[in-house]
Amino acid sequence: MHTSTPHIDTELYGLFQGGPHMVYHKSDVILRGDFPADRLYYIESGYVKAYSLNDRGEEYVHLLYGPGDIFPLIGLINNTVRDIFYESLDTAQLFSYQKDSLHELLETHPTLTKEMLHQSLRQLTIYGDRLDNLEYKYTQERLAYRIILLISRFGEHQRSTNRYIVAIPLSQQVLASSINASRESVNRELERMARKGIITYNRHTIVVNNFDALIKLLPGKLNFDVWEAITQSNGVVRAVNHT
């Protein structure tokens with residue numbers, strides 16, 4: 001399986017690499033949502049979910065972060081407390097940097113400031129894609145769109161079979177929470193896609209066997225250029241042109 005650590009040659013990576021190195025294991029809470037964060041975190045490897053809790057203690061997954069992502073970017077703006085928790089999905093290796101020190105550096109280092117701006121805009125675009133995802137009416141549509149987004153973020157194109165592989169530790173419950181659906185309905189749709197040969201799925205891997213059939217599950221035109229997103233997604237996926 002091909003893996004990649006994006007942006008390892010950037011000044012931002014070099015900066016965070018100079019900070020403390022931490023290892024979190026599955027289900028470890030990295031940041032709690034009930035107090036301001038005084039540090040920002042850079043993911044060297046592994047995956048992190050950002051989620052909030054409703055009054056019944058149910059999770060709503062906002063975003064999934066992977067190698068090269070930085071969180072919480074809101075910490076660059078102010079000390080606003082948002083009820084967002086950050087939890088490791090698997091063994092995640094992170095670097096951190098003190099927020100106030102980072103502020104000072106960004107004021108005097110234009111290259112760092114530019115890289116941080118690009119990082120912020122990229123992650124803002126990902127959040128916008130999530131909102132587009134939730135606008136689809138039916139679970140099947142939201143799930144298909146979510147899988148496409150996962151490919152564009154974390155996927156690998158297996159050229160020999162023309163399949164797309166997303167190998168991250170994503171349970172059905174987390175997948176369901178990310179599209180505002182029940183785990184049971186997501187399970188039914190995954191099984192339906194599997195019976196049609198569109199995907200194969202287990203707890204750690206989604207394999208898209210027929211990308212064209214996956215797109216056809218969506219009504220109308222995609223709200224973003226999936227092929228551009230795939231070919232520019234952190235260097236992880238290298239996709240052929242779609243015709």
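What share of the 243 residues in the protein is buried? In this predicted model, buried residues make up 50% of them. The chain folds into eight helices and 12 strands. If you look at the contacts with a separation of 6 or more, 73% of them link residues 24 or more positions apart.

Now let's zoom in on some helices. Two packed helices are described by the angle between their axes and the distance between the axes. Start with helix 3 (residues 110–134) and helix 4: their axes come within 9 Å and cross at roughly 165 degrees. Angles over 145 degrees count as roughly antiparallel, so helix 3 is roughly antiparallel to helix 4. Their crossing is right-handed. On the helix 3 side, you'll find Arg 122, Ile 126, Asp 129, Arg 130, Asp 132, Asn 133 and Leu 134, which meet Arg 142, Tyr 145, Arg 146, Leu 149 and Arg 153 of helix 4. Sort these contact residues by type and you get seven charged, four nonpolar and one polar.

Helix 4 (residues 139–154) also meets helix 6 (residues 183–195), with axes that come within 10 Å and cross at roughly 70 degrees. That angle is why helix 4 and helix 6 are called roughly perpendicular to each other. Helix 4 brings Thr 139, Gln 140, Leu 143, Ala 144 and Ile 147 to this contact, while helix 6 brings Ser 185, Val 186, Glu 189, Leu 190, Arg 192 and Met 193.

Conventions:
Residues numbered from 1 in each chain as written. Predicted model: local features only at pLDDT ≥ 70, side-chain atom pairs only at ≥ 80, totals over all residues. Heavy atoms only, no water. Axes fitted to C-alpha atoms, helices over the stretch in contact; angles between N-to-C directions. Helix = DSSP H or I, 4+ residues; strand = E, 2+ residues; numbered from the N terminus. Parallel < 35°, antiparallel > 145°, perpendicular 65-115°, else oblique. Contact = heavy atoms within 4.5 Å. Left-handed = near helix turned anticlockwise from the far one by under 90°. Nonpolar A, V, L, I, M, F, W, Y, C, P; charged D, E, K, R; others polar. Buried < 20%, exposed > 50% of the residue type's maximum accessible area, 1.4 Å probe, protein only.
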